[in-house]
Amino acid sequence: MPAVSAGPEIERLIQLLARLPNLGPRSARRAALFLIKKREAVMAPLAAALQTAMDKVEICRLCGNIDTQNPCAVCSDTRRETSAIVVVADVADLWALERAHAINARYHVLGGTLSPLDGIGPDDLAIDALVKRAHDPAVTEIILALNATVDGQSTAHYITDLLHDAAVKVTRLAHGVPVGGELDYLDEGTLAAAMRSRTPF
Ligand code: ZN
């Protein structure tokens, strides 16, 4: 048994904080101490925000985004292009594309990527719903914005095969040299992919 240095309620707080991504037991202990010291200024508003999020957060029934309205703000936005659907693995990817103002379209969150090693198959992802949306006559392009990993790319191939009879163009994000990237520092895989995806200048 490890020595308990704080009361059980505080140990519980530390344990729960330690479950957050990128927060190990040491950082969790530090975060808990910070919260306790800043009880009024930080902990109380945080507790209230957590409770509000608990009560109000919903998963969008159209795209799988997380929001406090359903359909989500993106799906409800009438200024969005309806012809393209951007397919992402996770809500974090959707939010990243939105932060980048990358495209003014709608999204479809798969909820992960196919991963035989982790036992994640097509039925575990929102693939059926995507195929249904791709058959909407208003939709002309499906943009696969999936990770450039083995799982991401095999998921992209799987979806492309399923969409062969839908009247949509299937595209994917370019792979290559990052903005500000120096060729000398790129790994061979990135460099080779960039050469394959070269575009007219
Ligand atoms: Zn939505």
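Four donors around a metal count as tetrahedral if all angles lie between 85 and 135 degrees, and donors are N, O and S atoms within 2.8 Å of the metal (3.2 Å for Na, K and Ca), with water not among the atoms, so sites may look incomplete. The model described here is predicted, so that local features need pLDDT of at least 70 and side-chain atom pairs count only at pLDDT 80 or more, while totals for chains, interfaces and linings use all residues. Residues are numbered from 1 along each chain as its sequence is written, and side-chain values use heavy atoms, leaving out hydrogens and water.

**The zinc site**

The SG atoms of C60, C63, C72 and C75 coordinate the zinc ion at 2.3 Å, and because these 4 donor atoms subtend angles of 104 to 115°, the arrangement is tetrahedral. In sequence the donor residues follow the spacing C-x2-C-x8-C-x2-C. C60 lies in the loop between strand 1 (58–59) and strand 2 (66–67), whereas C75 belongs to helix 4 (residues 73–76), so the pair ties together parts that are 15 residues apart in sequence; helices (H or I, at least four residues) and strands (E, at least two) are DSSP runs numbered from the N terminus. Both C60 and C75 are buried, where buried means under 20% relative accessible area, exposed over 50% and partly exposed in between (1.4 Å probe, protein chains only).

**Overall fold**

The protein has 8 helices and 6 strands, and its domain assignment gives domain 1 (8–56) and domain 2 (66–200), with bounds that come from an automatic or database domain assignment. The centres of domain 1 and domain 2, taken over C-alpha atoms, are 34 Å apart. The C-alpha trace spans about 60 × 45 × 35 Å along its principal axes, and 30% of the 201 residues count as buried.

**Backbone details**

Most residues other than glycine have a negative phi, and most peptide bonds are trans. In this model, a cis peptide bond with omega of about 0° joins N70 and P71, and P71 lies in the loop between strand 2 and helix 4.

Technical notes
Four donors count as tetrahedral if all angles lie between 85 and 135 degrees; four count as square planar and six as octahedral if opposite donors are over 155 degrees apart and all others between 65 and 115; anything else is irregular.
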